[in-house]
Amino acid sequence: MNTREFAGFSIVRNLAGGGMTRLYVALDGQQNRVVIRILTDEFARHRRFRKSFFHSAEVLAKLDHPGIVKLVKTGYEGSIPYMALQFVESRSLRDLILYRDPLLVDNVLSLMRQIAATVFYIHSSGYLHLDIKPENILVQPDGHVVIIDFDLAIKRKRRPVRIKQIPGTPSYVAPETLTRHLVDEEADIYSFGVTCYEMLTYHKPFEGEKIEVVRAMQVDPAVPPTRLRQHNPAVPAALEALVLKCLAKNPAERYPSMSLVIRDLEALI
């Protein structure tokens, strides 16, 4: 990345990055903006990391939905693996929550419905996202939602899948995943529930000064999440009940499908 030209794209500016990858805003040959994601030299030398890097591109290539970031191109520039993704003029849902932005406050139910519809599409297409959280949800100025970061996505099975490592950010991980490493649609529904909880209250369902205490609260069946209306009395009772059902610690008490979440969201005024 010593020059402003990379794989036929013109690098405009750094965007973000950390750990294994770097992100850049670039222009293609038609002067359209894209996001270039590259695997850093340290990791690009190892086949395991190259395979992991391209995994999200393989998933995105099979998905086509207005609520999912689009894959433009993948390849190598010399020995550097890269992918080009749709540029989305937006802010992250995390930023909207942090600043209690009017775009969130005035459109919270619409945003929740869009996220639910997109996650339902992901599941219907045969995948689990496994990293639903505000950082991975972009909101455009017109209120349109786009979900990004499919690095942890896996194929959906008829029964829960046991995985080796706990995926995603622990605060958004379902109790059965934290304790038994099991994932299915209901794991994404739990993450969706935590995200909605934050959108409505600016808090997480379980909070504390020490991370160990918070994790213990997350998995203890005797410790329910703080009711949303304690943080925000304006949350309608029916909406509170919906979010708390997404957060049920026992998967059998949680929504079994995002289609039912959508049904109940649509019933709200």
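**Exercise 1. In which loop does A7 lie?**

Solution. The structure is a predicted model.
Step 1: A7 lies in the loop that joins strand 1 to strand 2 (9–18).
Step 2: The backbone of A7 has a phi near 55 degrees, a positive value in a residue other than glycine.
Step 3: Most residues other than glycine have a negative phi.
Step 4: Since buried means under 20% relative accessible area, A7 with its 13% counts as buried.

**Exercise 2. Describe L130 by its place, its phi and its accessibility.**

Solution.
Step 1: L130 is found in the loop between strand 8 (127–128) and strand 9 (137–139).
Step 2: The phi of L130 is positive, about 70 degrees, although L130 is not a glycine.
Step 3: A relative accessible area of 7% makes L130 buried.

**Exercise 3. Decide whether the radius of gyration of the protein agrees with that of a compact globule.**

Solution.
Step 1: For 269 residues, a compact globule would have a radius of gyration near 18 Å.
Step 2: The protein has 19 Å, which agrees with that expectation.
Step 3: For the overall dimensions, the C-alpha trace spans about 55 × 40 × 35 Å along its principal axes.
Step 4: Turning to burial, 48% of the 269 residues count as buried.
Step 5: Among contacts with a separation of 6 or more, 58% come from residues 24 or more positions apart.
Step 6: The secondary structure of the protein consists of eleven helices and 13 strands.

**Exercise 4. Classify the ring pair of F6 and Y82, and state which parts of the chain the pair ties together.**

Solution.
Step 1: A search of the whole structure finds four aromatic pairs.
Step 2: In the pair F6 and Y82, the ring centres are 5.4 Å apart and the planes stand at 80 degrees. Planes over 60 degrees apart count as edge-to-face, so this pair is edge-to-face.
Step 3: F6 belongs to strand 1 (residues 5–6) and Y82 to strand 6 (residues 80–86), so the pair ties together parts that are 76 residues apart in sequence.
Step 4: Both F6 and Y82 are buried.

**Exercise 5. Classify the ring pair of F53 and F54, and name the cluster to which these rings belong.**

Solution.
Step 1: The ring centres of F53 and F54 lie 5.2 Å apart, with planes at 70 degrees, so the pair is edge-to-face.
Step 2: F53 and F54 are both buried.
Step 3: Ring pairs link F53, F54 and Y76 into a cluster.

**Exercise 6. Is G193 buried or exposed, and which residues does G193 touch?**

Solution.
Step 1: G193 is located in helix 7 (residues 185–201).
Step 2: Its relative accessibility is 0%, so G193 counts as buried.
Step 3: Leaving aside residues up to four places away in sequence, G193 touches V243, C246 and L247.
Step 4: V243 and C246 are among the buried residues of helix 10 (residues 237–246).
Step 5: The buried residues of helix 10 pack against helix 7, and also against helix 5 (108–124), helix 9 (228–231) and helix 11 (258–267).

**Exercise 7. Describe the surroundings of E198.**

Solution.
Step 1: E198 also lies in helix 7.
Step 2: With a relative accessible area of 3%, E198 is buried.
Step 3: Apart from residues up to four places away in sequence, E198 touches R94, I97, P134, Y172, H203 and K204.

Note on methods:
Residues numbered from 1 in each chain as written. Predicted model: local features only at pLDDT ≥ 70, side-chain atom pairs only at ≥ 80, totals over all residues. Heavy atoms only, no water. Helix = DSSP H or I, 4+ residues; strand = E, 2+ residues; numbered from the N terminus. Rg over C-alpha atoms; globule rule 2.2 N^0.38 Å. Buried < 20%, exposed > 50% of the residue type's maximum accessible area, 1.4 Å probe, protein only. Contact = heavy atoms within 4.5 Å. Phe/Tyr/Trp six-rings, centres within 6.5 Å; stacked < 30°, edge-to-face > 60°.
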